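Good morning, and thank you for coming.

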Amino acid sequence: MNLTSLRQAILLSFLLTTVNSFAQSTVNNPQTEYLKNPIGLDNASPRLTWQMQDQRQGAKQTAYRILVDTDSLALIRSEGRTWNTAWVKSPAQLAIFSGQQLKPFTKYYWKVDIANDQGKKTTNTPISSFEMGMMEIENWQGSWISDTENIKLKPSPYFRYTFNSKKKVKSARAYIAVGGLYELSINGKKIGNHRMDPMYTRFDRRNLYVTYDVTQEITSGKNAIGVLLGNGWYNHQSTAVWYFDRAPWRNRPAFCLDVRITYEDGSIETIKSGKDWKTELSPVIFNSIYTAEHYDARLEKKGWNTVDFDDTKWKDVIYRSAPSNNIVAQTLHPIRNVEEIKAKNVRKFNDTTYLFDLGRNISGVSKITVDGPEGTTLRLKHGERLYPNGHVDISNIDAHYRPTDNTDPFQTDIIALSGKGNQSFMPHFNYKGFQYVEVTSSKPVNLSVNSLVGYFMHSDVPVIGSINASEPIINKIYYATNNSYLSNLFGYPTDCPQREKNGWTGDAQIAIETGLYGFDGITIYEKWLADHRDEQQPNGVLPSIIPTDGWGYEWGNGPDWTSTIAIIPWNVYLFYGDTKILKDNYENIKKYVNHIDEAYPSGLTTWGLGDWIPVKSKSPVELTSTCYYYADAVILAKTAKILGKTADYEKYTALAEKIKTAFNAKYLNKQTGIYATGIQTEMSVPLYWGIVPSESKALVAKNLAKRVEADGFHLDVGLLGTKAILNALTENGYSNVAYKVAAQKTYPSWGWWMENGATTLYENWPIDAKSDISMNHIMFGEIGAWLYKGIGGIKPSEKQPGFKHVQINPQVVAGLNFFEASHTGPYGKIVANWKRDGEKIQFEIIIPANSSATFQVPGKGSTMVNGKITNDQQIELSSGKHIIIWE
């Protein structure tokens with residue numbers, strides 16, 4: 001270490017010490033059920049979480065006190081009549097409510113005070129709130145209503161109702177449950193900014209309701225409520241290979257609504273759906289979540305959802321039975337129009353044909369603003385690629401569509417203009433996957449680049465991760481991976497936003513860590529695992545797509561796909577340190593593993609799809625599926641131990657060992673260290689899932705690295721292999737080999753897609769493939785997670801999950817000059833950055849307050865930690881900022 005470096009290190013150490021002496025502990029980011037100030041909760045024991053904000057090195061929480069009350073002023077007085085935990089000596093930053101029984105429709109305020117390691121207690125901590133919803137189905141007062149039309153009728157129905165509010169309103173809430181989709185309005189104003197509510201479920205087994213604060217929308221005197229219903233997955237009128245048009249729950253859309261008004265005098269009035277409502281057909285003359293939406297502006301009923309509208313000619317509604325008897329709160333981050341994307345350019349073919357290019361592939365909708373003669377018909381065809389002549393080509397994404405006629409073209413909105421000047425159209429109940437929009441009109445119209453915009457739609461999960469590398473291709477891959485992940489998050493994880501929109505389990509288990517590193521997605525996954533529980537058969541079998549109408553129980557649902565039932569709860573637990581998802585799904589995991597054990601008593605299973613869409617080499621299904629079966633048994637055993645189920649822990653530990661023994665006896669040549677024929681998937685999948693005997697790991701990893709080198713540092717894997725290949729190399733000492741594969745720019749590779757203009761991940765390695773060539777798929781998306789845990793080295797600890805303790809093992813690879821990674825976990829923001837400085841590598845590591853980390857030195861050499869030299873290869877870090885210099 002030279003003198004200049006030593007002086008810098010001493011100065012840094014002094015600055016850190018100075019900061020430590022002045023920093024104060026505060027409470028940050030209080031949440032209930034992982035949401036900020038939510039309303040409409042059903043969980044009678046909601047989870048409360050918070051973070052400790054403290055810049056000092058080694059800052060810890062030593063105790064907490066939670067106060068809950070219906071009066072926010074009581075909390076200021078340090079009172080908590082609903083729940084007062086008193087001071088609890090604990091570092092925990094998650095507590096499960098266990099105070100007085102919570103009441104429906106009641107708002108509760110809460111705050112948490114903490115004590116730090118210096119014995120100082122916080123003051124002026126933020127007051128948060130949560131509000132209970134229906135809680136029990138018996139608390140609904142409204143009736144399920146619909147119009148009198150049958151499921152084949154295409155136009156969407158309007159519903160309206162007027163009422164008088166004669167007192168001063170203190171608060172008002174709207175609770176709405178729907179079979180199908182809806183838009184709710186009061187006095188002509190759309191309520192909320194959600195899209196595609198409620199989220200898709202198995203409608204005949206579980207329905208979700210949504211709660212809105214409508215206090216400001218209720219006026220003194222007469223008010224009008226309007227509801228527009230859409231089909232969604234409930235009344236699927238388009239025909240495709242999955243037979244959603246034959247779903248057992250299919251019916252004309254229906255809804256149930258309670259608007260609960262609390263007046264200043266304490267009285268309560270509930271305005272509810274019933275026979276006194278009126279209905280009429282709307283200008284939305286067709287809507288399909290799968291294909292598109294058709295709209296006839298000539299049929300608009302101006303002011304239909306306002307008080308002065310004349311509805312004397314409207315029809316009566318009918319009562320309908322609820323789709324299910326299980327109506328529960330939708331407690332998750334909703335779908336929104338998250339980003340508006342202006343068209344990058346427009347090409348005019350002629351006066352009736354234009355092509356808009358957004359410049360990137362998205363999931364969502366387009367919005368067009370246009371003026372034209374009455375009756376002019378516009379067709380907006382959305383696609384991901386173009387023919388050589390410049391027109392939109394959808395031949396890559398309509399392969400599974402089975403139209404019965406030409407009235408429902410794929411991804412093509414159809415609009416009839418009213419002729420009353422400029423008007424805008426954006427679909428209400430549909431989304432698509434596209435980059436290009438080709439607009440054709442029956443009569444000439446004048447369009448400019450500003451006439452059309454796109455909206456990137458997806459579940460609006462908060463961004464909690466970031467990656468930045470000195471190599472541009474890595475940044476492009478990360479950007480594309482996130483675009484594909486979000487494009488396939490619509491209240492459940494999907495495979496693609498155009499051709500299918502199905503909840504393919506295999507795609508989701510591959511991308512789970514990518515999602516959790518980058519986004520706060522626990523609410524989405526908890527909802528989707530409830531979908532799993534709805535779909536699981538008594539014998540433990542799950543379908544390959546979830547939710548489903550019944551398709552997928554006989555194809556594609558082996559352990560390589562439907563291990564989502566184990567893999568996703570386990571990863572959510574690791575990332576959040578919350579056992580609820582393990583408890584909720586424990587019996588389901590057990591039932592699933594038991595089924596495989598009964599069906600395949602040898603310990604080897606041939607049930608599964610295998611390494612889907614490989615580059616060229618195909619691995620045995622038995623090899624990959626047995627590895628997943630082993631992973632399920634291991635997860636089940638670990639979960640049993642966490643939940644205190646000792647007998648199950650012993651049973652499934654023994655089962656895992658039986659699977660491991662049978663697998664290695666058949667597939668591993670211990671002398672050569674080769675699995676099967678030695679191709680990339682056959683070598684990397686056993687390494688990644690930990691089924692390789694400890695004494696063979698080094699040789700197997702060495703052979704994998706040799707195989708990758710022999711393949712020119714290019715991929716030769718399918719879906720299952722992409723989950724394993726980079727991790728298996730990195731975790732076994734071959735990070736430089738892994739990076740060469742990840743940063744590869746020629747075919748086949750992620751970089752090859754980027755070099756050819758991709759802004760999302762594709763479904764197939766060859767860009768000119770004849771089939772399986774959606775250009776927005778997440779199934780090859782594990783590379784996003786690998787950048788965090790591989791190059792960045794950020795990993796949760798099984799012993800202290802939720803990043804209470806962080807494993808940091810960065811990989812300084814040839815080809816990168818710097819790498820920056822951050823992830824905000826339950827305790828706060830974790831940063832693991834490194835950069836080259838001549839012969840030295842400087843690491844900046846930030847560990848949030850009340851957590852700790854183990855830093856793995858990349859190799860032998862001189863190491864200085866915050867100005868102090870150490871010879872340790874593993875360095876224990878407290879919370880705070882640390883500068884580590886290694887050479």
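This is a predicted model: local features need pLDDT of at least 70, side-chain atom pairs count only at pLDDT 80 or more; totals for chains, interfaces and linings use all residues.

How far apart are the mean positions of the 94 positive and 89 negative charges of the protein chain? They are 3 Å apart. In that count, Lys and Arg are positive and Asp and Glu negative, while His and the chain ends are not counted. Each charge is placed at NZ of Lys, CZ of Arg, CG of Asp or CD of Glu.

Residues are numbered from 1 along each chain as its sequence is written, and side-chain values use heavy atoms, with hydrogens and water left out.

Let me begin with the chain as a whole. The protein chain holds 16 helices and 46 strands; these are DSSP runs, numbered from the N terminus, with helices being H or I of at least four residues and strands being E of at least two. The radius of gyration is 29 Å, close to the 29 Å given by the globule rule for 887 residues, so the chain is as compact as a globular protein of that length. That radius is taken over C-alpha atoms, and the rule is 2.2 Å times the number of residues to the power 0.38. Along its principal axes, the C-alpha trace spans about 85 × 70 × 60 Å.

Of the 887 residues, 63% are buried. Here buried means under 20% relative accessible area, exposed means over 50%, and partly exposed lies in between, with a 1.4 Å probe and protein chains only. The chain exposes about 32,600 Å², and carbon and sulfur atoms supply 49% of that area. Among contacts between residues at least 6 apart in sequence, 74% join residues at least 24 apart; a contact means heavy atoms within 4.5 Å.

I turn now to two annotated regions. The UniProt record, an unreviewed entry, places the feature "domain: Alpha-L-rhamnosidase concanavalin-like" at residues 348–458. UniProt positions follow the numbering used here, feature names are shortened, and annotations may be inferred rather than shown by experiment. Over residues 348–458 the chain is 0% helix and 51% strand, with the end C-alpha atoms 30 Å apart. For "domain: Alpha-L-rhamnosidase C-terminal", also from an unreviewed entry, UniProt lists residues 793–868. That stretch is 0% helix and 55% strand, and its end C-alpha atoms are 23 Å apart.

A849 sits in the loop between β41 (840–847) and β42 (852–856), and A849 is buried at a relative accessible area of 3%. Apart from neighbours within four places in sequence, A849 contacts M52, D54, A59, Q93, Y827 and S879.

Next, the helices. Why is helix α14 (residues 735–742) described as largely enclosed by the rest of the structure? Six of its eight residues are buried, namely S735, V737, A738, Y739, V741 and A742. These buried residues pack against α3 (472–487), α12 (697–710), α13 (719–730), α15 (750–755) and α16 (782–791).

Q680, in helix α11 (residues 680–688), is buried with a relative accessible area of 1%. Beyond residues up to four places away in sequence, its contacts include L704, R707, D711 and I725. In the loop between α11 and α12 lies G690, which counts as partly exposed at 36% relative accessibility. With neighbours within four places set aside, G690 is in contact with Y630 and K660.

Finally, some backbone geometry. Most residues other than glycine have a negative phi, and most peptide bonds are trans. The bond from D197 to P198 is cis, with omega near -10°, and P198 is in the loop between β13 (189–190) and β14 (207–213). Y747 and P748 are also joined by a cis peptide bond, with omega about -5°; P748 lies in the loop between α14 and α15.

Two residues have positive phi without being glycine. M135, with phi near 70°, is in the loop between β8 (128–131) and β9 (145–146) and is buried at 18% relative accessible area. F713, with phi of about 60°, lies in the loop between α12 and α13 and is buried at 18%.

Key. Accessible areas come from the Shrake-Rupley method with a 1.4 Å probe; for residues, only the protein chains shown count as cover.
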